[in-house]
Amino acid sequence: MSHEFHMPSREEILAGTARPLPARLRTLCIAFAVVGVLVFVIGIFVAPDRVWRSLLFNWLYFTSISSAGVMFVAVQRITTARWSRTVIRFLEGYVAFLPVAFVLLLLIFLGSSHIFPWAVAPVPIPEKQIYLNPAFLIPRDLILFGIIASLSLWYIYTSVRLDVGLSGEGGAGWARKIRERMRRGFRDERREIHSTHSLQGKLAVFLGLAFALFWMVLSWDLSMSLDIHFQSTLYGWWFFMGGWVTALASFTILTISWRRYLDRYDLITEKHIHDLGKLCFAFTAFWGYLTFGQYLVIWYGNMGEETHWMRLRLIAPWMWLTLTGVAFMFAPFFGLMARSAKVFLPTMIFFASCTLIGLWLHRYIEVYPSLYPDATGIPFGVWEPGVALGLLGAWGLCYMAFMDAFPRMRVVLMTSPYRDEVQVPVNPETMEPLPAHE
């Protein structure tokens with residue numbers, strides 16, 4: 001029996017993955033965005049504190065996932081991974097939300113007096129007065145997040161440029177000038193593959209450093225500082241790894257959805273779903289390790305400035321919400337142990353959805369108890385899900401705009417005869433192997 005595998009040509013892949021996204025999906029995202037804007041505007045007059053605080057925790061949720069998604073793309077270059085070439089473009093689309101997130105961060109700082117304790121009164125701890133001074137904190141956070149967003153956009157630009165440069169004109173009209181710019185100065189295929197690979201190697205390292213270091217600072221400033229007295233050296237790791245594992249979970253759901261929508265079961269195989277399931281399982285375990293590691297250190301240290309933060313979330317009215325969020329986040333660890341659970345799509349989608357819901361609850365628990373320490377009931381109503389719908393709609397519109405504008409797969413690295421030469425670096429100008437590989 002013959003088992004020959006037919007690898008589609010570049011043109012076949014482009015044509016077979018160009019199916020327009022359904023108009024009703026875009027309409028739904030617009031409706032979500034409009035509802036979110038209306039809820040936010042009404043909330044400014046009716047319940048300003050609640051709506052501004054809701055904007056903060058939802059911003060932390062969507063932005064940390066989007067940034068972590070791009071970082072995972074860069075990690076594929078650092079590890080010279082080849083398994084993800086057919087699916088990684090679905091994750092590269094996360095970058096489209098980062099410019100919007102930067103504008104929303106400016107908006108959050110405009111409403112900082114409704115959110116942050118350090119914005120309305122002097123910090124009572126002398127050692128933190130300079131660090132949490134708004135004149136130092138706000139520019140610092142804007143610069144750090146601006147660097148993360150700029151490096152992310154630059155990295156994805158280089159990735160998309162390689163495919164746009166060797167493909168015919170096509171895609172959404174709003175990006176025509178961007179595609180023209182990408183084609184300007186484009187050289188021959190082999191040289192461009194090597195020079196792009198070389199540039200991405202440098203960008204990926206700088207992006208990795210910026211992602212880890214700057215998100216730690218952003219998590220201290222925008223989340224941990226809501227409780228002036230609390231401090232934890234593990235908080236930053238814990239924060240951005242939550243975004244990381246949720247980016248993988250959402251990536252898995254999107255990959256399954258794209259495979260079905262494009263009907264490309266030949267290019268996106270069960271092996272891809274299995275690999276994504278293994279990544280979700282592994283980083284759920286790592287997130288759990290950080291969670292327990294932070295809790296254990298605070299428990300045996302038994303220092304008042306640390307234990308009160310945990311205690312507040314483990315007493316009424318927050319306890320059950322905290323435990324529910326943790327249960328959702330841990331569910332994939334127990335549910336995705338077996339291979340069958342990873343490749344059976346209903347279970348894979350269910351446990352990936354648990355992670356998405358779990359982190360949303362977790363971001364809420366990170367923010368709200370510190371701002372409502374004396375609450376007798378959980379402050380949760382129309383403002384929190386309303387603003388979440390708005391950001392979900394905005395995120396969806398950004399993502400669809402990206403996926404409509406550029407090739408949906410890395411067609412060059414899937415089809416080029418030179419695609420695996422990059423495992424041996426060469427000088428992109430002379431095309432000669434670098435000395436260490438001669």
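Predicted model: local features only at pLDDT ≥ 70, side-chain atom pairs only at ≥ 80, totals over all residues.
Is threonine 158 buried or exposed? It counts as buried, because its relative accessibility is 6% and the cut-off for buried is under 20%. What does threonine 158 touch, beyond residues up to four places away in sequence? Four residues: Thr196, Leu199, Gln200 and Leu203.

Next, a pair of helices. Two packed helices are described by the angle between their axes and the distance between the axes. Take helix α3, residues 48-78, and helix α5, residues 98-110. Their axes come within 10 Å. They cross at roughly 150 degrees. So α3 is roughly antiparallel to α5, since angles over 145 degrees count that way. The crossing of α3 past α5 is left-handed.

Which residues meet there? From α3 come Trp52, Leu55, Leu56, Trp59, Thr63, Ser66, Ser67 and Val70. From α5 come Leu98, Ala101, Leu104, Leu105, Leu107 and Ile108. Now sort the residues of this contact between α3 and α5: 11 are nonpolar, three are polar and none is charged.

Look for it in helix α10, residues 270-301. Histidine 272 has 9% relative accessibility, so it counts as buried. Again, the cut-off is under 20%. Set aside the neighbours within four places in sequence. Then histidine 272 is in contact with Trp83, Thr86, Val87 and Leu267. One of these partners deserves a second look. The side chains of histidine 272 and threonine 86 are joined by a polar contact of 3.1 Å.

Last stop: tyrosine 261. This residue belongs to helix α9, which spans residues 235-262. What does tyrosine 261 touch, not counting residues up to four places away in sequence? The partners are Arg19, Pro20, Leu21 and Pro22. Focus on proline 20. Its backbone oxygen lies 2.3 Å from a polar atom of the tyrosine 261 side chain.

One distance to finish with tyrosine 261. Alanine 388 is 127 residues apart from it along the chain. The C-alpha atoms of tyrosine 261 and alanine 388 are separated by 26 Å.

To recap. Helix α3 runs roughly antiparallel to α5. Histidine 272 is buried too, with a polar contact to threonine 86. And tyrosine 261 has the backbone oxygen of proline 20 at 2.3 Å from a polar side-chain atom.

How values were computed. Residues numbered from 1 in each chain as written. Heavy atoms only, no water. Helix = DSSP H or I, 4+ residues; strand = E, 2+ residues; numbered from the N terminus. Contact = heavy atoms within 4.5 Å. Polar contact = N/O pair within 3.5 Å; in protein donor to acceptor, adjacent residues only side chain to side chain. Buried < 20%, exposed > 50% of the residue type's maximum accessible area, 1.4 Å probe, protein only. Axes fitted to C-alpha atoms, helices over the stretch in contact; angles between N-to-C directions. Parallel < 35°, antiparallel > 145°, perpendicular 65-115°, else oblique. Left-handed = near helix turned anticlockwise from the far one by under 90°. Nonpolar A, V, L, I, M, F, W, Y, C, P; charged D, E, K, R; others polar.
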